[in-house]
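My notes follow in the order I took them.

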Amino acid sequence: MALESPAHGPVSPLEIGPLRIWSPVVLAPMAGVTDAPFRRLCRELGEKGLPPRLAPGDPACKREATPGVDALAGLYVMEMVTSRALVEGNRRTLDMVRPDPSERVRSIQLYGVDPATMAKATEILIDCELVDHLDLNFGCPVPKVTRKGGGAALPWKKDLFDDLLHAVVAAAERAGSRTGKEVPVTVKMRIGIDDEHITYLDAARTAVNRGVAAVALHARTQTQHYSGTARWEAIARLKDTIPVPVLGNGDVFSGADAQQMMQETGCDAVVVGRGCQGRPWLFTDIVSTLNAGPVFHDPGLGEIASIIEKHARWVVEDQGDEGRAMREMRKHLGWYLRGFSVGGTTRHALAMVSTLEELHELLHGLDLDQEFPKAALGPRGRAGGEKTPHLPEGWLDSPFLTDAERANLHLAEDGANGG
């Protein structure tokens, strides 16, 4: 990857409670993607875009960076975890929240529907010193979550949304008073369920009233899923409505996109999801662009092969099981090699790769002199068309919970795995 000729003026750091995020970019939590190795890779590549005065370890650095307080090259959020699984001590969930020793700021997204369980999970995370920043998921459009009233469907129920925020913020304050540590709570949401059921402005006001430190908006409705174009004008309206930082999400696939979103909407930071799948160096581009750094150029296949092998080694180290780790890597390989001339036989072999040695041999059997293909630029990840909202029966009849709906809410955490 290459950087050349600086361009624009730098943006201001983002402050969320006690956290200072010197490059206002956030890696969105993605189920099965933003595990510790991928977060570390994105963060390491993001730091390559920092100016010398912020680069870690650089003698020209003008200030001390304190772990747990300063995030130099953005905020990197781990996969969403469910509150009930955390409270019940689920082994996989506890493994997911295990901190990466290299992380400067431990950022976790929590999902749940029961205020008491969400509060208990919040206190566990803070008391066990597992979190520096807690984000709440109200944006997941996955049918198996929304059909039970969770994710993007939840803000429609104003009483439940308010109860959850009240419970979590109060729990964070209680735990903070015991530990002497302030952990800011933020929320991520969508515009609404569909164009007839818009929720984001009322929900954001409620969040601010309950003490939330920032609001992230994926500028699509639940119905849109990941289709069409994100409605950045909604981010601008939200920024004009609430006094806390607003984080914009949707259709950021380059540093230029990030800068354009911030200029058009006035948002305080950009949130990146699908755009970095198979392209973690997107954070180099965004961090450099937002810090008035050099123009970025995507790496060629030779450099990408080295990044892939580093990623794979880290996954093996993290999981302690080479076979399982390489199965986990297979989806990333498809994303990394998008648009390159690989050949059907080799692609099939990569889709079945089971060892680091086999991966090395397959990658080094490619023409590594290939430049980054134009076909691999732009939108990435799932898109598709609009989807009919999957909701509990009668969910839209009232913006307040019925007794029956409240009794069935616990089902919403069954099978929840991301947003």
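**Entry 1: the largest pocket.** Before looking, I wrote down what I would count: a pocket is an open set of grid points with protein on both sides within 12 Å along at least five of seven lines, and its lining residues have an atom within 4 Å of a point. I also noted that this is a predicted model.

I then asked which residues lie nearest the centre of the largest pocket. I found Glu79, Arg92, Asp95, Met96 and Gln319 there, out of a lining of 23 residues. The elements that each give two or more residues to this lining are helix H1 (36-47), strand S7 (81-82), helix H3 (91-96), H11 and H12. H3 gives the most, with four residues. For the volume of the largest pocket I have about 600 Å³. I sorted its lining by class and got nine charged, eight nonpolar and six polar residues.

**Entry 2: the domains.** I looked up how the protein is divided, and the assignment gives domain 1 (14-297) and domain 2 (301-376). Their centres, taken over C-alpha atoms, are separated by 28 Å. Domain 1 puts 14 residues into the contact, and domain 2 puts in 13 residues. Back at the largest pocket, I saw that each of the two domains supplies at least three residues of the lining.

**Entry 3: the cavities.** How many cavities of 30 Å³ or more does the structure hold? I have four on my list, and I followed up two of them.

The largest cavity has about 200 Å³ of space. Its lining has 21 residues, and His218, Tyr226, Asn249, Gly273 and Arg274 lie nearest its centre. Strand S10 (185-190) and strand S15 (269-272) are the elements that give two or more residues to this lining. By class, I noted eight nonpolar, seven polar and six charged residues around the largest cavity.

The second largest cavity comes to about 90 Å³. I found 13 residues lining it, with Val26, Val77, Asp135, Ala216 and Leu247 nearest the centre. Here strand S9 (133-138) and S10 are the elements that give two or more residues. The classes for the second largest cavity are eight nonpolar, three polar and two charged.

**Entry 4: helix H14.** Next I asked which residues of helix H14 (residues 356-363) are buried. I got Leu359, Leu362 and Leu363. They cover an arc of only 95° around the axis, so they sit on the same side of H14. I jotted down a reminder that an α-helix has 3.6 residues a turn, so residues three or four places apart point the same way. On the other side of H14, I found Glu357 and Glu361 exposed. I also checked what the buried residues of H14 pack against, and the partners are helix H11 (301-319), helix H12 (322-336) and helix H13 (344-350).

**Entry 5: Leu72.** My last stop was Leu72, in the loop between strand S5 (70-71) and strand S6 (75-76). Is Leu72 buried or exposed? Its relative accessibility is 3%, and since buried means under 20%, Leu72 counts as buried. I also took a C-alpha to C-alpha distance from Leu72 to Gly46: the two are 8.8 Å apart in space and 26 residues apart in sequence.

Key: Residues numbered from 1 in each chain as written. Predicted model: local features only at pLDDT ≥ 70, side-chain atom pairs only at ≥ 80, totals over all residues. Heavy atoms only, no water. Buried < 20%, exposed > 50% of the residue type's maximum accessible area, 1.4 Å probe, protein only. Arc of directions from axis to C-beta. Contact = heavy atoms within 4.5 Å. 1 Å grid on protein atoms, 1.4 Å probe; cavity = no way out; pocket = protein on both sides within 12 Å on 5 of 7 lines; lining within 4 Å. Points joined across faces, edges and corners; volume = space filled by probe spheres on them. Nonpolar A, V, L, I, M, F, W, Y, C, P; charged D, E, K, R; others polar. Domains from an automatic or database assignment.
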